[in-house]
Amino acid sequence: VLVKKDRSHSNMAHIIKPAVAILSDEKSGTTSKWSSVSTGWDPRILNTVRGDSWFVTLTGTGTTGLGGTNDYFTLIPGEYELEAFAPFYNTAYTQLRLFNVTTQEITAVGTNNQTVANNGFINGPVYAKFTCTTDEQFTIAYRCSTAQATYGLGEDSTFSAAGDKSVFTQVKIRKLK
């Protein structure tokens, strides 16, 4: 019997139990998300990775960590399932999508959402199952029909104790194989 260690991540335990990474936009507890724009598709921030991170890397030009400005992530080859959510306030017609920056193709478009004027919060989702054949870069992007100053992309939690956070965009990625 010949035993050989596989360092390619192609024959790991995730074949039996999927590896799961959570990407999010985290800011201090009293930091509001900024204004939304209504000029086409604009990326959401993803500055933090938690969970199984060996298959995903934050790869935008922005900074990472609490308050960072990164907006792209890269996945290694494999099959994936993704769920993404992001808050919006008074942005009227609003939608999220998963965009493959490497191939310049839309991977998935989220549900159609509409907020109610002067009182509308939504948490627009997008779901996808897809395959990467090479290392591929992605972004979660949004569009809305009404730009909204200050809280357009979500309101802060208002909690200000040490360690409190406001969490905006969240993305769960399961590496299926």
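Mentor: Contact means that heavy atoms lie within 4.5 Å. This is a predicted model, in which local features need pLDDT of at least 70, side-chain atom pairs count only at pLDDT 80 or more, and totals for chains, interfaces and linings use all residues. Residues are numbered from 1 along each chain as its sequence is written, and side-chain values use heavy atoms, with hydrogens and water left out.

Trainee: Which residues is Gln 170 in contact with, leaving aside its neighbours within four places in sequence?

Mentor: Gln 170 touches Leu 23, Ser 24, Glu 83, Ala 84 and Phe 85, once neighbours within four places in sequence are set aside.

Trainee: In which strand is the place of Gln 170?

Mentor: Helices (H or I, at least four residues) and strands (E, at least two) are DSSP runs, numbered from the N terminus. Gln 170 belongs to strand 12, residues 165-175.

Trainee: Is Gln 170 buried, partly exposed or exposed?

Mentor: Buried means under 20% relative accessible area, exposed over 50%, and partly exposed in between, with a 1.4 Å probe and protein chains only. Gln 170 has a relative accessible area of 40%, so it is partly exposed.

Trainee: How many aromatic pairs does a search of the whole structure find?

Mentor: Rings of Phe, Tyr and Trp (its six-membered ring) pair if their centres lie within 6.5 Å; planes under 30 degrees apart count as stacked, over 60 as edge-to-face and the rest as tilted. The search of the whole structure finds seven such pairs. One of them is the tilted pair of Phe 55 and Tyr 80, at 5.8 Å centre to centre and 35 degrees between the planes.

Trainee: Why does this pair tie together parts that are 25 residues apart in sequence?

Mentor: It does so because Phe 55 lies in the loop between strand 3 (48-51) and strand 4 (56-58), while Tyr 80 lies in strand 6 (residues 78-89). Phe 55 is buried, at 0% relative accessible area, and Tyr 80 is buried at 0%.

A further pair joins Phe 85 and Tyr 127 edge-to-face, with 6.0 Å centre to centre and 85 degrees between the planes. Phe 85 is in strand 6 and Tyr 127 in strand 10 (residues 121-132), so this pair ties together parts 42 residues apart in sequence. Phe 85 is partly exposed at 28%, and Tyr 127 is partly exposed at 48%.

Trainee: Which residues do ring pairs link into a cluster?

Mentor: The cluster consists of Trp 54, Phe 55, Phe 73, Tyr 80, Phe 130 and Phe 138.
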